[in-house]
Amino acid sequence: MVYETQALMGVTTLFGLVYFTFLVGIKIDLAMLLSTKRKTFFIGCFTFVFPLIVNASVSLLMERFIDMDRRMHHSLPNIALVLSLTAFYDTSCVLDDLNLLNSEIGRISLSISFVNGFCSWAILFTVFSLKEFNTLDPHIVMFSWMSKALLFSLVLFFVRPLYLWMIRNTPEGDNLKEGYVILILLLVLVAAFYTEYIGEKALFGAVLMGLVVPVGTPIGAAIERKLEFFVTLVLLPAFFIVSCYPVDVFNIRMRNFAIIELLVCIGFFVKLIAVLLPSLYCGMRFPDALSISLIMNCDGIFTLLLMTRLLEMKWLDKESYTIMILTKAWISMIATPLVKRLYDPSRRYAGYKRQSIQDLVSLGELRIVACVYDEDTVPGILNFLEAINPVQDCTLCIYVLHLVELVGRAASVLVTHKQRKNRYSSRARNTSEKIIKAFHHFEQHNPGFLIGQAFTTISQFSGMYNDVCHLIMDKRAALVIIPFHESVEHPFRLVTQSALQKAPCSVGILFDHINGSRSIFDIGIKYENVALIFIVGPDDREALTLSMRMAMNSNVKKTKKDDDVIQDLWDKIMDVDNIMYKEEEVTDGADTACKLKAIETSYDFIMVGRRHDNSSRILLGLDEWCVYKELGVIGDLFATSNSPGKFSVLVVQQ
């Protein structure tokens, strides 16, 4: 490139890195270090110390016993240092790409890399500080540290209170004001300029400005919404281009290539063993421990940043830099597919006895996991629960799971609300507490119901099913209730679709055509007229079993459409006054649709099975018009209805 273009790319790179590191600082929660378990903390420290000692020792031995040129001799210790370090954000990006952020090994990997990254930062800070002491005049060093202390003081005692003031002046549920966002972005540039002026890298000031942002607040969400795509897709590619300027594969000498590759291979296996052995010692399964080991060997942008910094300081020569970039890229490209092959979160459920309502009908307690997206979905769930009759010898235990999208933070979190020590977004906490309060209010006014525990998961919608399934397994629930969102493009649907495929229990998808603007404590809408649409299949039988519980409630009237399984229950319903049994003959799919549409205005609550034989004559052609595949053809008919009737629908999958 011509000189002017290189200069422009350099400016673009600087701005991109400043705002990128600011975003990374926002997403990092320093409280993770305090909440890390002892075993994980031990693995994280061991993963840093052991490779550092071994790699440094190997590099010294290679310097002594292998003939090499002076530049390679000077670069080897720094290569050993790079091979020993792990960046938290790089690990987070790898887990995000693998959709494992809120999986079991995802959370363990993040905790290990956070401890390792903290140690890495400490050692790098020490190394660069020693260089400063050795190369600069003592008076300059003193003024440098005074300048850094001033920056820390301004960030802690001016910028952070300013952030908190902005949060207090942003009403709950609203976005951060545009003026606040612009002010924050300008302050980041000021901090970056100041750190450059005092002799530090601009990135130091930017990441410091991000670290003091309260995690998960409207500030993080607003900044991420404004900057994420522009920085990562427009500005940051310039950094990768500039980073590859020194790369010259044609000047690589085989002897030097062999020396560095030997050190890299040793470093790879040393880090692999450093994670694997203590993980196995702590009782982890071998495939899981190996997966974590491979994840910890994957590098990203921060490793590249460190290598470019070492190249600028001439601690790394261009040939070593080229070999390291190619090797690191190759390792990451090999490791990530191996992790996909080794670890599947759903394998945990392979040996688990899947629960259904039919299996537990004779036992003493029916356990239900109720998933809640927001306050608007609470009244529908509470009305459904109110309609289920907790008979004398069978209580209903409800576990509440508030699903919150991961925004403005790098690591997902599962919060148990009895553990007050957990720290997460105050906004998410306030909303969760309102939702939990509504469920406890329901518990107080409805004997026979027990609210077990309440949780909040903050994660990406694509991987949120991991927490849902983990809670089902842990609490041995027989049914999970998931609210349905009618927007075709809404990411809520990812949770529903994944739960239908992975959940180790029956799934109920609940949606209603009732006004959703009710109070969160409103359970005044009673389901008095309930219809069960019965065609054939295990899902219909599961819905039938659940409906029989409702039939025990004297306030509920219920209609059944029959198949052979109804005969097994006929003795139970013959003498029950509040049950009406009716058969309807249909000829084709269109006739079925017309018959079902006719009942919409007659009932408050309709239950249907999800899966049927779509090749059957009575359903033929309906799947071609199906908008929401996860609801099945019958559920989709009700979901897409324009009927003026106000009714709720539960789609059940066994």
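D539 is buried, with a relative accessible area of 0%. Buried means under 20% relative accessible area, exposed means over 50%, and partly exposed lies in between, using a 1.4 Å probe and protein chains only.

A word on the source. This is a predicted model, where local features need pLDDT of at least 70, side-chain atom pairs count only at pLDDT 80 or more, and totals for chains, interfaces and linings use all residues. Residues are numbered from 1 along each chain as its sequence is written, and side-chain values use heavy atoms, leaving out hydrogens and water.

Back to D539. Which residue forms a salt bridge with D539? R611 does, with the closest N and O atoms 2.8 Å apart. A salt bridge here is a side-chain nitrogen of Lys or Arg within 4 Å of a carboxyl oxygen of Asp or Glu. This pair links distant parts of the chain, 72 residues apart: R611 is in the loop between β10 (605-609) and α22 (632-639), and D539 is in helix α19 (residues 538-551). Helices (H or I, at least four residues) and strands (E, at least two) are DSSP runs, numbered from the N terminus. R611 is partly exposed, at 39% relative accessibility.

The structure holds 13 salt bridges. Another one joins E312 and K201, with the closest N and O atoms 3.2 Å apart. E312 sits in helix α13 (residues 301-312), K201 in the loop between α8 (178-197) and α9 (202-211), and 111 residues separate them. E312 is exposed, at 51%. K201 is partly exposed, at 34%.

Now a pair within one helix. K595 forms a salt bridge with D591. They are four residues apart in helix α21 (residues 589-598), so about one helical turn separates them.

On to the strands. Two strands pair if DSSP finds at least two bridges between them. Strand β1 (residues 365-372) runs parallel to β2, joined by eight bridges. E365 has T395 in β2 as its bridge partner. β2 also pairs with strand β4 (residues 449-459), again in the parallel sense, over nine bridges. There, L396 stands opposite F449 in β4. Is β2 enclosed or open? Nine of the 11 residues of β2 (residues 395-405) are buried, so this strand is largely enclosed by the rest of the structure.
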